[in-house]
Amino acid sequence: MAKRKMFALRALQLSYHPLLAHITEGDHFQLTNQAQLSSLSNLEIQSLIEQMTLSVVPHPNKPTQYYLLSPAADFFFIQQHPHASTLQVQLLIYPFEDAESIIQTLSFIAPSLHHGLQTKVLHNLSKRHQLAKLYMKSVPSKRKLAVIANASPSAIRH
C-alpha cells in the first residue's frame, strides 16, 4: 500500500527509476522556452503543483532520495519557476518491490487512456475559453494560452 507525504521542493531529491529511464530514453518532448514559464503567475504555479502527485519508491541506498515511477516532464518544467522552490509537492510512496507494476501502469496504460480521452485538446481549450467568458470574471487570454501550449493563438479554435 502506498503512503502519501508532502515534501518541500527545495529539499526533494528525485531521479527516474532505472527501469523507467531505460524504457523512456526514446521519448520525445517538445522543447520548452522561458516565455512559457515566465507567463505563469505564482498562483498558477502553486495551483499546478498542488494538483500533482508524484508516484515514487524510496531509493534503496539513499534514504533522502526517491525514484520517480512515471515520466514527469510537466513537473520538471514547472519546478524551474522561481516560485516553485517555496512550495511543497505530494508524493505517493510505493514499496520498492511494486516499482515494475506501477511503472507499467503509469508508462503504458495511463498514456493510452489519456490519449483516447484527449484527442482534441486545443479544440476543447478554445470552447472552454469561449464559454468561460460568459461565466467568469477573468479568463486568460488566448495569447497567453498559446504561449503556454507553445502553439499559435490561431491553433486554439473550434
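Let me begin with the packing of helix H6 against helix H7. In this predicted model, helix H6 covers residues 121-135 and helix H7 covers residues 142-149. Their axes lie 11 Å apart, and the two helices pack at an angle of about 155 degrees. Angles over 145 degrees count as roughly antiparallel, and therefore H6 is described as roughly antiparallel to H7. As to handedness, the crossing of H6 and H7 is right-handed.

I turn now to the chain as a whole. How many helices and strands does the secondary structure of the protein chain contain? There are seven helices and five strands. Read from the N terminus, the order of the elements is β-β-α-α-α-β-β-α-β-α-α-α. Along the principal axes, the C-alpha atoms of the protein chain fill a box of roughly 50 × 35 × 30 Å. The protein chain has 158 residues, of which 30% count as buried.

My last topic is the surface. Which residues form a nonpolar patch there? They are Leu19, Ile23, Phe108 and Ile109, and together they have about 360 Å² of accessible area. Two elements, helix H1 (18-23) and helix H5 (99-117), each give two or more residues to this nonpolar patch.

Why does Phe108 count as partly exposed? The relative accessibility of Phe108 is 48%. Buried means under 20% and exposed means over 50%, with partly exposed in between, so Phe108 at 48% belongs to the partly exposed class.

Methods: Residues numbered from 1 in each chain as written. Predicted model: local features only at pLDDT ≥ 70, side-chain atom pairs only at ≥ 80, totals over all residues. Heavy atoms only, no water. Patch = residues over 30% accessible without salt bridge, like charges linked within 9 Å, V, L, I, M, F, W, Y side chains within 5 Å. Areas by Shrake-Rupley, 256 points an atom, 1.4 Å probe, with all protein chains shown as cover. Salt bridge = Lys/Arg side-chain N within 4 Å of Asp/Glu carboxyl O. Helix = DSSP H or I, 4+ residues; strand = E, 2+ residues; numbered from the N terminus. Buried < 20%, exposed > 50% of the residue type's maximum accessible area, 1.4 Å probe, protein only. Axes fitted to C-alpha atoms, helices over the stretch in contact; angles between N-to-C directions. Parallel < 35°, antiparallel > 145°, perpendicular 65-115°, else oblique. Left-handed = near helix turned anticlockwise from the far one by under 90°.
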